[in-house]
Amino acid sequence: MGDKHLGSAAWKRQRLIVLRRDSYTCNYCGEPGNEVDHIQPRVLGGTDDLDNLCCACRRCNSMKGKRSEALFLGQQST
(Lines give C-alpha, C1' and ligand atoms only; values in the text may rest on other atoms or scores of the structure.)
Protein backbone atom coordinates (compact mmCIF):
# COMPACT_ATOMS: atom_id res chain seq x y z
CA MET A 1 0.00 0.00 0.00
CA GLY A 2 1.40 3.38 -0.97
CA ASP A 3 1.00 6.74 0.69
CA LYS A 4 -1.95 7.57 -1.56
CA HIS A 5 -4.41 6.62 1.17
CA LEU A 6 -2.96 9.32 3.46
CA GLY A 7 -4.87 11.93 1.45
CA SER A 8 -8.18 10.07 1.58
CA ALA A 9 -11.21 11.31 3.48
CA ALA A 10 -11.14 8.16 5.63
CA TRP A 11 -7.53 8.82 6.67
CA LYS A 12 -8.30 12.48 7.42
CA ARG A 13 -11.13 11.38 9.75
CA GLN A 14 -8.91 8.78 11.42
CA ARG A 15 -6.12 11.35 11.84
CA LEU A 16 -8.44 13.84 13.54
CA ILE A 17 -9.73 11.14 15.92
CA VAL A 18 -6.14 10.31 16.96
CA LEU A 19 -5.09 13.94 17.41
CA ARG A 20 -8.12 14.67 19.56
CA ARG A 21 -7.75 11.44 21.55
CA ASP A 22 -4.12 12.29 22.31
CA SER A 23 -4.92 15.96 23.05
CA TYR A 24 -2.55 17.09 20.30
CA THR A 25 0.37 15.95 22.49
CA CYS A 26 3.31 13.96 21.14
CA ASN A 27 3.31 10.47 22.65
CA TYR A 28 7.11 10.35 22.44
CA CYS A 29 8.30 13.66 23.95
CA GLY A 30 5.19 15.32 25.41
CA GLU A 31 5.49 18.44 23.25
CA PRO A 32 2.59 19.72 21.12
CA GLY A 33 2.00 17.47 18.12
CA ASN A 34 0.04 17.71 14.90
CA GLU A 35 1.11 14.57 13.05
CA VAL A 36 -0.06 10.98 13.36
CA ASP A 37 2.50 8.20 13.60
CA HIS A 38 2.09 4.50 12.96
CA ILE A 39 3.51 2.92 16.14
CA GLN A 40 4.29 -0.24 14.18
CA PRO A 41 5.14 1.16 10.72
CA ARG A 42 3.07 0.01 7.78
CA VAL A 43 6.22 -1.26 6.06
CA LEU A 44 6.66 -3.61 9.03
CA GLY A 45 3.06 -4.83 8.93
CA GLY A 46 1.41 -2.08 10.98
CA THR A 47 -2.18 -1.10 10.31
CA ASP A 48 -4.25 2.08 10.37
CA ASP A 49 -6.18 0.81 13.41
CA LEU A 50 -6.54 3.35 16.21
CA ASP A 51 -4.46 1.22 18.59
CA ASN A 52 -1.52 1.47 16.16
CA LEU A 53 -1.70 5.25 15.76
CA CYS A 54 -0.52 8.05 18.02
CA CYS A 55 -0.01 11.77 17.95
CA ALA A 56 3.57 12.87 17.27
CA CYS A 57 5.38 16.13 16.81
CA ARG A 58 7.14 16.63 13.49
CA ARG A 59 10.58 16.17 15.08
CA CYS A 60 9.79 12.81 16.71
CA ASN A 61 7.83 11.52 13.72
CA SER A 62 10.73 12.41 11.43
CA MET A 63 13.37 10.93 13.77
CA LYS A 64 11.38 7.70 14.26
CA GLY A 65 10.91 7.21 10.55
CA LYS A 66 10.11 3.60 9.65
CA ARG A 67 11.47 2.12 12.89
CA SER A 68 9.26 0.40 15.41
CA GLU A 69 8.33 2.32 18.56
CA ALA A 70 10.47 -0.01 20.68
CA LEU A 71 13.52 0.52 18.51
CA PHE A 72 13.00 4.30 18.39
CA LEU A 73 12.50 4.66 22.14
CA GLY A 74 15.40 2.33 22.86
CA GLN A 75 17.75 4.58 20.89
CA GLN A 76 16.62 7.85 22.51
CA SER A 77 18.85 9.27 25.19
CA THR A 78 17.29 10.39 28.46
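**View 1. Burial of Asn52 in the predicted model.** Asn52 has a relative accessibility of 9% and therefore counts as buried (buried, under 20% relative accessible area; exposed, over 50%; partly exposed, in between; 1.4 Å probe, protein chains only). The residue lies in the loop that links β1 (35–38) with β2 (53–56); helices (H or I, at least four residues) and strands (E, at least two) are DSSP runs, numbered from the N terminus. The Asn52 side chain comes to 2.8 Å from the backbone oxygen of Thr47. Beyond its neighbours within four places in sequence, Asn52 is in contact (heavy atoms within 4.5 Å) with Asp37, His38, Ile39, Gln40, Gly46 and Thr47. This is a predicted model, in which local features need pLDDT of at least 70 and side-chain atom pairs count only at pLDDT 80 or more, while totals for chains, interfaces and linings use all residues. Residues are numbered from 1 along each chain as its sequence is written, and side-chain values use heavy atoms, with hydrogens and water left out.

**View 2. Strands β1 and β2.** The two strands run antiparallel and are joined by 4 bridges (pairing requires at least two DSSP bridges between strands). Within this arrangement, Glu35 stands opposite Ala56 of β2. Strand β2 is covered on both faces, with buried Leu53 and Cys55 on one side and buried Cys54 and Ala56 on the other.

**View 3. Surroundings of Tyr24.** Tyr24 occupies the loop between α1 (9–21) and β1, and its relative accessible area of 39% makes the residue partly exposed. Residues up to four places away in sequence aside, Tyr24 touches Leu16, Leu19, Glu31, Pro32, Gly33 and Cys55. Tyr24 and Asn34, 10 residues apart in sequence, have a C-alpha to C-alpha separation of 6.0 Å.

Notes:
Polar contact = N/O pair within 3.5 Å; in protein donor to acceptor, adjacent residues only side chain to side chain.
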